[in-house]
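Please read them with the model open.

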Amino acid sequence: VSQTFLPPARRTSPSAVLRAAPVRPRPSEPVQLLTPDGERVEHPDYPVTFSDAEYRSFYRDLVLARRFDDEATALQRQGELGLWAPMRGQEAAQVGSARALQARDMAFPTYREHGVALCRGIDPVALLGLFRGTTLGGWDPAEHRVQLYTIVVGAQALHAVGYAMGIGLEATARSGTPDEAVLAYFGDGASSQGDVSEAFVWAASFDAPVVFFCQNNQWAISVPVERQLRVPLAQRAQGFGFPGVQVDGNDVLAVHAVTSAALDAARSGAGPRLIEAMTYRMGAHTTSDDPTRYRLDAELETWRARDPLTRLRRFLEQQQVGDAGFFAEVDAAAETLAAQVRAGCRELPDPGPEVIFDDVYVDEPPRLRAQREQHRAYLAGLEDGPGADGR
Ligand SMILES: Cc1ncc(C[n+]2csc(CCOP(=O)(O)OP(=O)(O)O)c2C)c(N)n1
Ligand SMILES: [Mg+2]
């Protein structure tokens with residue numbers, strides 16, 4: 001065998017090869033309204049104002065979201081949850097965007113949108129059910145206007161566009177504007193999925209009232225964002241035929257302003273928008289992951305200095321919008337929430353073995369009913385088995 005046909009000797013470790021992206025995304029200026037030092041800055045495209053009460057309520061939501069997420073991580077460590085996907089670090093991206101939604105708008109989350117769920121009034125204990133294995137859903141999407149969590153990376157982008165196309169078609173039928181919009185969440189890793197590119201094409205072709213909201217948290221498990229994107233994701237939108245904007249995802253004010261504007265545009269019939277929120281996943285991908293195996297402490301430190309809670313707290317203190325009493329009240333509310341979540345999680349009822357037959361069909365076909373009966377009889381016949389108590 002000639003030397004020519006031998007593969008080249010591997011000169012670096014596999015992880016070094018992964019890291020060696022020849023082109024890095026070029027730096028760009030994300031929209032920012034609040035610096036990491038807590039200074040309120042203006043942006044020409046987003047001349048927004050917030051009342052003191054709004055500033056305080058943003059802070060409150062950020063703190064509650066973080067406390068809930070921390071509690072869930074602890075519950076997994078105590079064996080109360082099978083798994084948890086921490087969102088620590090992404091609170092501003094989630095609270096800022098979710099609070100830009102109007103009552104009728106619909107959100108399509110991934111598996112990490114716990115801050116979105118809280119802002120939309122989903123019971124945090126019900127949300128834990130999915131991670132405790134007591135439910136396959138947890139809430140009514142029609143009531144909260146948040147679809148169920150989607151684990152299949154990127155799939156919900158297509159679901160969101162289909163839903164938005166429906167809104168658009170109804171608006172056309174009554175010769176009006178959509179008046180409601182869809183917010184589709186996904187991650188930087190998901191941006192490489194065919195589903196997301198297809199979703200962009202369909203949304204553009206049909207002027208669907210959808211806002212794509214990418215939380216670029218720099219990692220897709222152990223794969224760095226440089227592997228996903230050769231240009232900032234926001235720039236990719238142009239090639240699909242709609243506007244894209246990059247926002248400081250750790251700045252709750254900027255995220256809120258940018259998402260509000262994009263949703264307004266979608267509701268008014270201007271078609272889709274893409275938002276790339278630059279943020280960072282401070283914790284592990286999930287509680288099954290060990291990020292120290294693939295990323296450096298220095299990177300973590302850089303992002304810790306951009307913490308979304310710290311910067312808003314600095315602003316509130318510097319502008320005397322929040323006093324010691326306010327911060328104490330928020331901390332107390334967070335502890336109350338954590339205690340309720342802890343107790344509620346442990347009390348979540350175990351589902352009976354028959355629930356696997358539920359919610360498959362609206363009208364249960366005879367064949368499935370027969371299988372359910374067969375399964376029930378089988379369980380009843382087990383001595384001390386799961387069906388022995390009649391469930
Ligand atoms: C279609 C599909 N492929 C692979 C996986 C396994 N997986 C789960 S999360 C994930 C990474 C997703 O990264 P990103 O989109 O950046 O979201 P993040 O987890 O960072 O929030 C992968 C590959 C999956 N769930 N679905
Ligand atoms: Mg990611």
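1. In which loop does R145 lie? R145 is placed between α6 (141-144) and α7 (155-173); helices here are DSSP runs of H or I with at least four residues, strands are runs of E with at least two, and both are numbered from the N terminus. Its phi is near 55 degrees, a positive value in a residue other than glycine. R145 counts as buried because its relative accessibility is 16%, where buried means under 20% relative accessible area, exposed over 50% and partly exposed in between (1.4 Å probe, protein chains only).

2. On conventions: this is a predicted model, in which local features need pLDDT of at least 70 and side-chain atom pairs count only at pLDDT 80 or more, while totals for chains, interfaces and linings use all residues. Residues are numbered from 1 along each chain as its sequence is written, chains are lettered from A and ligands numbered from 1 in the order in which they are written, and side-chain values use heavy atoms, with hydrogens and water left out.

3. D207 also has a positive phi, about 45 degrees, although it is not a glycine. This residue sits in the loop between α8 (194-205) and β3. D207 is classed as partly exposed because its relative accessible area is 46%.

4. N217 and W219 are both buried.

5. Ligand 1 is surrounded by 15 residues, the closest being Y111, R112, G189, A190 and W219; a residue is near a molecule if one of its heavy atoms lies within 4 Å of it. A polar side-chain atom of Y111 is 2.7 Å from an oxygen atom of ligand 1. From I151, a backbone N or O atom lies 2.9 Å from a nitrogen atom of the ligand.

6. The second largest pocket holds about 340 Å³ of space. Its lining has 22 residues, with Y111, V153, G187, G189 and A190 closest to the centre. By type the lining divides into eight nonpolar, eleven polar and three charged residues, and β2 (182-187) and β4 each supply at least two residues. A pocket, on a 1 Å grid over the protein atoms alone, is an open set of points where a 1.4 Å probe fits, with protein on both sides within 12 Å along at least five of seven lines; lining residues have an atom within 4 Å of a point.

7. Q215 belongs to strand β3 (residues 210-216) and is buried because its relative accessible area is 4%. Its side chain makes a polar contact with the side chain of Q94 at 3.3 Å (a pair of N or O atoms within 3.5 Å; within protein, one must be able to donate a hydrogen and the other to accept it, and residues adjacent in sequence count only if both atoms are side-chain atoms). Q94 is one of the buried residues of α3, a helix spanning residues 91-98 in which eight of eight residues are buried.

Terms used:
Grid points are joined across faces, edges and corners, and a volume is the space filled by probe spheres set on the points. Ala, Val, Leu, Ile, Met, Phe, Trp, Tyr, Cys and Pro count as nonpolar, Asp, Glu, Lys and Arg as charged, and the others, Gly among them, as polar.
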